[in-house]
Amino acid sequence: MDFIIYVILLLLSGCFAGLMAGLLGIGGGVILTPIHYFLLLSIGVNSSLALHIAFATSLAVILVTMINSTREHKKNGFVETEHLKLMLIFGFIGAVIGSIISTHTDVYLLKIFFGFMCLFSVLNMLLIKNPENYDNISHSKNAHLILGLSAGLLCGLLGVGGGIIMIPSLTILLKYPTHKAIGTSSATIIATSLGGLITNIILGWNVSGLPPFSLGYVNLTQFVFLTITSSIVSVQAAKLSKNINPKILKASHIIIVLYMGLKMVGLI
């Protein structure tokens, strides 16, 4: 593949990741990872290495975009802080554990399980109507702990931030209003992506066959070009999100989670 085309595709992918992060509070790894993977294959990287590189590099990009978008969401008052520290700690731990497991395990069955979980979340989002107010937010420490840990495990295993599951869980199970779920998800993904990123750098440190300019499993070429556009777009999208009807944001979540669920189970 021509290097100019390669760079343009990375820049466009970064725009999409920033849009997902700022508007919807998800890292965009469910889209970025496949794009990374196929771009790496196109330049001759071994398929087994390409998958780990795609996971790790996605997490590096997600970390930067989520730091930027979370700052904006916090200004808007959309980050719930009551149990945030608990979610951050266990999200980080879950991501480390998931990253270690991913290097020793065939994740096919997990992807199928993940896909059905996405489809179940879509069904719940369609059927359950949650009032958009702050009075119903759950104060359960255990529920927040389990959610943070679960998001971290998915982050480490599949190279996603965890927002694709976290936001439906926050809105359906913990009764968060949509805007609050987006902001809190963004903050938690900082910890999950950081845990997964550090672990993937360490695990890939002495691996042979990595493309030039790699830091462990993180490919710095992809990271730089993706981050240039994702950083700019994520901030602007986060500013825009506060003025968007929560029903529109919820519909966007449903479409994306449905797509990923069907893709994970192999139906599309």
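Helices are taken here as DSSP runs of at least four residues, numbered from the N terminus. In this predicted model, Ser-13 falls within helix H1, which covers residues 3-24. With a relative accessibility of 7%, Ser-13 is classed as buried, the cut-off for that class being under 20% relative accessible area. Beyond residues up to four places away in sequence, Ser-13 touches Leu-32, Ile-35 and Leu-226.

Helix H8 comprises 26 residues, 178-203. Because 21 of its 26 residues are buried, H8 is largely enclosed by the rest of the structure. Helix H7, formed by residues 163-172, is likewise mostly covered, with ten of its ten residues buried. The buried residues of H7 include Gly-163, Pro-168, Ser-169 and Thr-171, together with Ile-164, Ile-165, Met-166 and Ile-167. Leu-170 and Ile-172 of H7 are buried as well.

The largest nonpolar core in the model contains 18 residues, and Val-45, Ile-53, Leu-197 and Val-218 have the most contacts inside it. Helices H3 (47-75) and H8 each supply at least two residues of this core, and the greatest contribution, nine residues, comes from H3. When neighbours within four places in sequence are set aside, Val-218 is in contact with Ala-56, Thr-57, Ala-60, Leu-197, Ile-201 and Phe-213. A further core, of 15 residues, lies apart from the largest one. Leu-147, Leu-174, Tyr-176 and Ile-244 are among the members of this other core.

Sequence neighbours within four places aside, Val-207 is in contact with Leu-49 and Tyr-217. The C-alpha atoms of Val-207 and Leu-49 are 9.2 Å apart in space, although 158 residues separate the two in sequence.

Side chains of opposite charge can pair when their charged atoms come close. A search of the whole structure returns one salt bridge. Its partners are the side chains of Glu-80 and Lys-180, with an N to O distance of 3.8 Å. The pair connects distant parts of the chain, 100 residues apart: Glu-80 is in the loop between H3 and helix H4 (84-102), whereas Lys-180 belongs to helix H8. Glu-80, at 16% relative accessibility, is counted as buried, and Lys-180 is also placed in the buried class, at 10%.

Cysteine residues were treated last. A disulfide is a covalent bond between the sulfur atoms of two cysteines. The search of the whole structure finds zero disulfides. Cys-15 has a relative accessible area of 30% and is thus partly exposed, while Cys-155 is buried, at 0% relative accessibility.

Note on methods. Residues numbered from 1 in each chain as written. Predicted model: local features only at pLDDT ≥ 70, side-chain atom pairs only at ≥ 80, totals over all residues. Heavy atoms only, no water. Expected span 1.5 Å × (residues − 1). Buried < 20%, exposed > 50% of the residue type's maximum accessible area, 1.4 Å probe, protein only. Contact = heavy atoms within 4.5 Å. Core = buried A, V, L, I, M, F, W, Y, C linked by side-chain atoms within 4.5 Å. Salt bridge = Lys/Arg side-chain N within 4 Å of Asp/Glu carboxyl O. Disulfide = S-S within 2.5 Å.
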